[in-house]
Amino acid sequence: MAIAEESPPAQPAPPPRPQPRNPADLFWSFTWLALQGFGGVLAVVQRELVEKKRWMTNEEFVEDWAVAQIMPGPNVVNLSIMIGDRYFGLRGAFAALAGMLTFPLILVLALAAIYAQFSTHPAVAGALRGMGAVAAGLIAGVGIKLFVSIRNHPLGRPACLAFAAATMLAMAVLRWPLFWILPVLGGTACLLTWRKLAP
């Protein structure tokens, strides 16, 4: 009498990734994100979308942010449109865009009116200079966190470090405009990565 072989137990399916429930969820999420983005919005975007909401991984964030940077317009607005379109098509893109712009626009107009009255006050000028240092620190901190995501990059970590150093040199020392850095260094990195990925 043949004994039936026991099949191995089925692996449990991974839990579904969190995602926005509807366009209204996109609107309020990007509204909250935009209202936090004083000085350095990159840090806020990465924390909200990757660490808190988990709508994307660090690797996906780096890739989408790179695409958002080479498109015309503000990077975070481009990213919001891409994410909204990914989940709900055109209405999702419009909901995310409206969330990024509506309340911040009202707030900026109000602050501009107040700033026009107090811009010459020494305390206001000093506070704004201090915020510049904080914004630089936020961007540097996010850069360090995102650096981990290149460990599996096709070019390898040494080449990625070389491109990062060349970009900082071009911006900070040579003062190249972003218009040239993106096609020259970014285009070279894309071409080398494509050649590595090609069969």
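This is a predicted model: local features need pLDDT of at least 70, side-chain atom pairs count only at pLDDT 80 or more; totals for chains, interfaces and linings use all residues.
The loop between α2 and α3 holds Arg54. Arg54 is not a glycine. Most residues other than glycine have a negative phi. A second case lies in the loop between α6 and α7, where Arg175 is found. Arg175 has a positive phi of about 60° and is not a glycine either. With 66% relative accessibility, Arg175 counts as exposed, because the cut-off for that class is over 50%.

The overall fold is described next. The protein chain has seven helices and zero strands. Its pattern along the sequence reads α-α-α-α-α-α-α. The chain has 199 residues, and 28% of them count as buried. Contacts were also grouped by sequence separation. Among those with a separation of 6 or more, 56% join residues 24 or more positions apart. The chain exposes about 13,400 Å². Carbon and sulfur atoms supply 70% of that area.

α2 has 12 residues. From its first C-alpha to its last, α2 reaches 15 Å, close to the 16 Å expected at 1.5 Å a residue. Buried residues in α2 are Leu42, Ala43, Val44, Val45, Gln46, Glu48, Leu49 and Val50.

An α-helix has 3.6 residues a turn, so residues three or four places apart point the same way.

The whole structure contains three salt bridges. One of them joins the side chains of Arg86 and Asp64, at 2.7 Å from N to O. Arg86 lies in helix α4 (residues 75–118), whereas Asp64 lies in helix α3 (residues 58–70). The pair therefore ties together parts that are 22 residues apart in sequence. Arg86 is partly exposed, with a relative accessible area of 45%. Asp64 counts as buried, at 10% relative accessibility. Another salt bridge links the side chains of Asp25 and Arg21, with 3.8 Å between N and O. Here Asp25 is buried, at 13% relative accessibility. Arg21 is exposed, at 68% relative accessibility.

Nonpolar packing was considered next. In soluble globular proteins, nonpolar side chains tend to be buried together. The largest nonpolar core in this model has 25 residues. Those with the most contacts inside the core are Phe30, Leu33, Val45, Leu49, Phe61, Leu79 and Ile83. The elements that give two or more residues to this core are α1 (23–36), α2, α3, α4 and α5 (122–147). The most come from α4, which gives eight residues. Residues up to four places away in sequence are not counted here. Phe30 then touches Leu49, Trp55, Ser80, Ile83, Ala96, Gly99 and Met100. Two of these, Leu49 and Ile83, are also listed among the core residues with the most contacts.

The patch covers about 740 Å² and is made by Leu169, Val173, Leu174, Trp176, Phe179, Trp180 and Val184. α6 (157–173) and α7 (178–197) are the elements that give two or more residues to the patch. α7 gives the most, with three residues. Leu169 is found in helix α6. It counts as partly exposed, at 44% relative accessibility.

Helix α7 also holds Thr193. Thr193 is buried, with a relative accessible area of 15%. Neighbours within four places in sequence are again left aside. Thr193 is then in contact with His153, Pro154 and Leu155.

Note on methods:
Residues are numbered from 1 along each chain as its sequence is written. Side-chain values use heavy atoms; hydrogens and water are left out. Patches are made of residues with over 30% relative accessible area and no salt bridge: like charges are joined within 9 Å, nonpolar side chains (Val, Leu, Ile, Met, Phe, Trp, Tyr) within 5 Å. Accessible areas come from the Shrake-Rupley method with a 1.4 Å probe; for residues, only the protein chains shown count as cover. A salt bridge is a side-chain nitrogen of Lys or Arg within 4 Å of a carboxyl oxygen of Asp or Glu. Helices (H or I, at least four residues) and strands (E, at least two) are DSSP runs, numbered from the N terminus. Buried means under 20% relative accessible area, exposed over 50%, partly exposed in between (1.4 Å probe, protein chains only). A nonpolar core is a set of buried Ala, Val, Leu, Ile, Met, Phe, Trp, Tyr and Cys residues joined through side-chain atoms within 4.5 Å. Contact means heavy atoms within 4.5 Å. The expected span of a helix is 1.5 Å times one less than its number of residues.
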